[in-house]
Amino acid sequence: TEIRSMSKPDTAPFHQPIKWWRQIRFRAALAMVGLSFLISGSVLVTNLIASRIEVLQRFQQRVETIAGTGAVAISGDDMEIIEFQLDYLTDEFQLARSLLERIRRHNELTREEIYVLRPVPGDDPLLTEFVVMTAEQPFISNRYMIREENRQAFLRALNDGEITSTEIYESDVGEWISGYAPIRNSFGDIVAVLEVDAKVDR
């Protein structure tokens with residue numbers, strides 16, 4: 001019987017190294033994938049920043065408009081008369097409160113988002129007291145220190161007579177923007193500031 005020798009199949013092709021041009025093409029593909037992810041990430045970050053700026057500008061315009069139009073309607077002479085808690089019974093307080101209440105309702109503000117402040121007599125203009133508010137229980141003359149993030153905008157309204165607003169800032173109850181407008185007496189002196197707050201993440 002003739003026995004034929006069977007040759008083993010040639011497995012060499014499965015162990016040959018990858019051609020150099022295939023390695024380059026593979027690396028180029030990986031580089032393109034990485035570049036596409038980088039570009040996508042950059043676009044996403046850019047869009048987020050643009051969206052944040054748009055929100056900031058929209059809310060700044062809102063609070064400045066409300067504060068500016070409200071402040072010119074408030075009598076600075078009346079603000080100088082209101083000093084003590086019992087002054088909530090006076091016509092001056094009730095008139096100013098009714099005005100703030102109309103502004104609040106028209107602009108869908110909460111009772112805590114619109115009020116009149118004035119500096120407490122002394123050396124620190126950032127130490128203020130409440131004059132008029134829409135809260136059911138008035139707190140005339142209660143002290144309030146302007147928060148650090150709002151000080152520049154507040155002082156520009158108080159000292160320079162500008163209608164101003166803050167950047168977005170955080171409190172323990174969310175993100176806010178505040179607007180300020182000066183209130184003048186009949187002599188043109190700035191005697192108080194109307195503050196309007198807007199909750200950005202409402």
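Helices here are DSSP runs of H or I with at least four residues, numbered from the N terminus. The model is predicted. By that rule, residues 91-106 form helix α3, which holds both Arg 104 and Glu 101. The two sit three residues apart, about one turn of the helix.

Start with this pair. Side chains of opposite charge can pair when their charged atoms come close. Arg 104 and Glu 101 form a salt bridge, with 2.7 Å between the closest N and O atoms. Both residues are buried. For Glu 101 the relative accessibility is 11%, and buried means under 20%, so Glu 101 falls in that class.

Glu 101 has another partner. Its side chain meets that of Arg 111 in a salt bridge of 3.3 Å, N to O. Arg 111 lies in the loop between α3 and β1 (114-119), while Glu 101 lies in helix α3, so the pair ties together parts that are 10 residues apart in sequence. Arg 111 is partly exposed, at a relative accessible area of 25%.

Now move to Arg 156. Its salt bridge is with Glu 162, and the closest N and O atoms are 2.8 Å apart. Arg 156 counts as partly exposed at 30% relative accessibility. Glu 162 is partly exposed too, with a relative accessible area of 31%. Back at Glu 101, salt bridges with shared partners join Glu 101, Arg 104, Arg 105 and Arg 111 into one network. The whole structure has six salt bridges.

Next comes strand β2, where Glu 129 has its place. Is Glu 129 buried or exposed? Its relative accessibility is 10%, so Glu 129 counts as buried. The side chain of Glu 129 makes a polar contact of 2.8 Å with the side chain of Arg 118. Beyond its neighbours within four places in sequence, Glu 129 is in contact with several residues, among them Val 116, Leu 117, Val 120 and Ser 141. Asn 142 and Arg 143 are also in contact with Glu 129.

Last, the empty space. Rolling a probe the size of a water molecule over the atoms shows where empty space is left. The largest pocket has a volume of about 360 Å³. Strands β2 (127-133), β5 (169-171) and β7 (190-199) are the elements that give two or more residues to its lining. In total, 17 residues line the largest pocket. Nearest its centre lie Glu 112, Tyr 115, Tyr 144, Trp 176 and Asp 197. By class, the lining holds nine nonpolar, two polar and six charged residues.

Conventions
Residues numbered from 1 in each chain as written. Predicted model: local features only at pLDDT ≥ 70, side-chain atom pairs only at ≥ 80, totals over all residues. Heavy atoms only, no water. 1 Å grid on protein atoms, 1.4 Å probe; cavity = no way out; pocket = protein on both sides within 12 Å on 5 of 7 lines; lining within 4 Å. Points joined across faces, edges and corners; volume = space filled by probe spheres on them. Nonpolar A, V, L, I, M, F, W, Y, C, P; charged D, E, K, R; others polar. Buried < 20%, exposed > 50% of the residue type's maximum accessible area, 1.4 Å probe, protein only. Polar contact = N/O pair within 3.5 Å; in protein donor to acceptor, adjacent residues only side chain to side chain. Contact = heavy atoms within 4.5 Å. Salt bridge = Lys/Arg side-chain N within 4 Å of Asp/Glu carboxyl O.
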